[in-house]
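Trainee: I have this one open now. Could we go through it together?
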Amino acid sequence: MSERPASPPRGRAAPVMVLCRQCLHYVFEGTQVCPHCGGDARAAGARYRDDGHLAIETIQFIDRAAERQRG
Amino acid sequence: MAEPILDDGPRRRLSLRDQIDCVPVYVVWEITLACNLKCLHCGSRAGHRRASELSTDECIDVIRQLAELGTREISIIGGEAFVRKDWLTLVRAIRDHGMDCTMQTGGYKLSRDMIEAAAGAGLLGLGVSIDGLEPLHDRLRGVPGSYLEALRVLEDCRSAGLVASVNTQITSTVMPELSDLMDVIIEAGARYWQVQLTVAMGNAVDNDAILLQPYELATLMPLLADLHLRGRELNLLLLPGNNIGYFGPYDVLWRGPDRGYYSGCPAGQNAIGLEADGTLKGCPSLATERYGAGDVRNTPIAELWATHPALQFNRDRGVEDLWGFCRGCYYAETCRGGCTWTADSLLGRRGNNPYCHHRVLKLAERGIRERIVKVEEAPSLPFATGRFALLEEPITTGIALP
């Protein structure tokens with residue numbers, strides 16, 4: 001078997017997607033006007049709050065920030 | 001061929017770092033092509049063992065190499081994995097190297113003693129294939145009695161303390177049975193239920209009437225959403241396979257923020273497939289002819305993983321690699337055409353996947369639906385593909401809109 005050391009592979013990470021806080025379709029992070037429902041993608045709607053997505057996405061935001069800081 | 005995914009527990013969840021560093025988090029390993037079922041949809045045309053399957057010692061060396069590469073879970077499949085005499089040795093070796101081990105099975109002739117021995121060896125979960133109620137399942141699996149055996153295996157798993165899951169192939173005839181099937185598998189002790197569209201490969205090309213038409217996702221996806229919600233109340237988690245997608249109105253249910261959104265096909269970036277003769281691929285189901293990346297007997301896995309062109313296709317894949325509807329889709333950059341296996345097997349080229357709920361709904365807004373028609377048979381080889389034409393036609397009946 002060959003013993004030639006392999007260089008570490010590199011891959012592309014998927015863009016960050018978040019939920020439209022009105023219609024719960026995914027949109028790209030930073031989207032203001034939802035391309036699906038036309039609503040304000042950042043303003044928390046009833047379904048977004050009631051289904052617990054606000055809390056979940058807040059935790060994910062913190063996780064991503066920590067990961068970026070770790071490099 | 002068994003289905004590769006059991007559930008999407010935390011160890012399998014991909015971090016940003018996993019994606020960038022191309023960590024092969026999840027490995028699906030066909031440890032033998034021998035099988036005791038004769039499935040009409042089997043992509044690998046399993047039945048007889050391959051001419052030169054890896055020896056026990058060679059398998060243990062593969063396990064060592066995968067552990068060094070950062071693999072966190074190995075799922076053993078077949079053929080029928082337990083037909084191989086040393087399968088428990090391999091389960092134990094995987095666990096001894098610090099990785100999770102799961103197994104996918106048809107369950108036929110998998111005895112209670114074998115299940116208890118597997119639990120003792122460290123197997124964490126067993127995924128059992130059940131493709132419909134008894135008449136449909138036995139017809140698709142080609143062996144009378146295989147349905148009752150599969151249910152018995154689920155019950156034996158419960159007795160042995162093993163997490164039991166069910167994998168179901170979504171064929172053209174199963175939809176009316178899914179609700180009753182869910183009740184049956186809950187009663188039998190299943191905790192997870194993964195559904196996966198049957199893909200146009202191998203035996204499924206020969207029997208193409210069993211393939212779902214892309215436009216039928218308009219009916220299927222609301223049904224799955226209902227089942228998912230009902231399953232949650234009954235302690236059964238319905239999970240989507242890699243080819244159930246993408247970004248439609250129900251994705252938030254099964255790929256919601258707490259589970260991670262669909263971030264593209266992981267084949268060759270965070271997943272490895274291994275054939276029993278040592279052929280390495282980015283996914284166990286991909287066509288060997290186009291995606292075989294060499295033999296682990298001849299080259300270290302780390303070297304193949306880092307350098308072989310047949311494993312690179314997803315790593316820096318962008319919108320420019322997509323075609324057809326997928327090329328102009330809002331989600332193109334993230335989704336990248338969804339499941340490589342599904343698209344590539346169907347159309348002979350990855351990057352355009354008609355089995356997408358978002359796409360079906362967008363086309364429906366224009367009064368169009370897509371239909372597949374077989375134009376070329378598949379050769380009589382494992383993982384062989386035929387060719388299908390993709391036709392657009394006007395919608396003449398109503399379509400289920402969310």
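Mentor: Let us begin with burial in chain A, where buried residues make up 18% of the 71 residues. Please keep in mind that this is a predicted model.

Trainee: How many helices and strands are there in chain A?
Mentor: Chain A has two helices and two strands. Along the sequence they follow the pattern β-β-α-α.

Trainee: And what share of the contacts in chain A with a separation of 6 or more is between residues 24 or more positions apart?
Mentor: In chain A that share is 14%. For chain B, among contacts between residues at least 6 apart in sequence, 73% join residues at least 24 apart.

Trainee: Moving to chain B, how many of its residues are buried, as a percentage?
Mentor: Of the 402 residues in chain B, 56% are buried. The chain contains 15 helices and eleven strands. Its radius of gyration is 20 Å, close to the 21 Å from the globule rule for 402 residues, so chain B is as compact as a globular protein of that length. Along the principal axes, the C-alpha atoms of chain B fill a box of roughly 55 × 45 × 40 Å.

Trainee: In what order do the nine strands of the open sheet in chain B come?
Mentor: The order is β7-β6-β5-β4-β3-β2-β1-β8-β9, with mixed pairing. The edge strands are β7 and β9 (280-281) of chain B, each of which pairs on one side only.

Trainee: Let me pick β6(B). Why is it described as largely enclosed?
Mentor: Strand β6 (residues 192-197) of chain B is largely enclosed by the rest of the structure because six of its six residues are buried. Tyr192(B), Gln194(B) and Gln196(B) point one way from β6(B), while Trp193(B), Val195(B) and Leu197(B) point the other way.

Trainee: Which strands pair with β6(B), and over how many bridges?
Mentor: Strand β5 (residues 163-170) of chain B pairs with β6(B) in the parallel sense over six bridges. Ile170(B) has Leu197(B) in β6(B) as its bridge partner. Strand β7 (residues 237-240) of chain B also runs parallel to β6(B), joined by four bridges. There, Trp193(B) stands opposite Leu238(B) of β7(B), and Val195(B) has Pro240(B) as its bridge partner.

Trainee: What sort of unit do β5(B) and β6(B) make with helix α7 of chain B?
Mentor: Together with helix α7 (residues 178-188) of chain B, they make a right-handed β-α-β unit.

Trainee: Changing topic to the contact between the chains: how many residues does each one contribute?
Mentor: Chain A contributes 24 residues and chain B contributes 31 residues. On the side of chain A that touches chain B, β1 (17-19) and α2 (53-70) of chain A each supply at least two residues. The most comes from α2(A), with five residues.

Trainee: How do the residues on that side of chain A divide into nonpolar, polar and charged?
Mentor: There are 13 nonpolar, six polar and five charged residues on the side of chain A that touches chain B.

Trainee: What does Cys37(A) touch, leaving out residues up to four places away in sequence?
Mentor: Cys37(A) touches Cys20(A), Gln22(A) and Cys23(A). As for Leu24(A), it is 13 residues from Cys37(A) in sequence and 9.4 Å away in space, C-alpha to C-alpha.

Definitions and conventions. Residues numbered from 1 in each chain as written. Chains lettered and ligands numbered in written order. Predicted model: local features only at pLDDT ≥ 70, side-chain atom pairs only at ≥ 80, totals over all residues. Contact = placed C-beta atoms within 7 Å. Nonpolar A, V, L, I, M, F, W, Y, C, P; charged D, E, K, R; others polar. Buried ≥ 20, exposed ≤ 12 C-beta atoms within 10 Å, placed from the backbone. Pairing = 2+ DSSP bridges. Right-handed = clockwise from strand over helix to strand, strands pointing away. Rg over C-alpha atoms; globule rule 2.2 N^0.38 Å.
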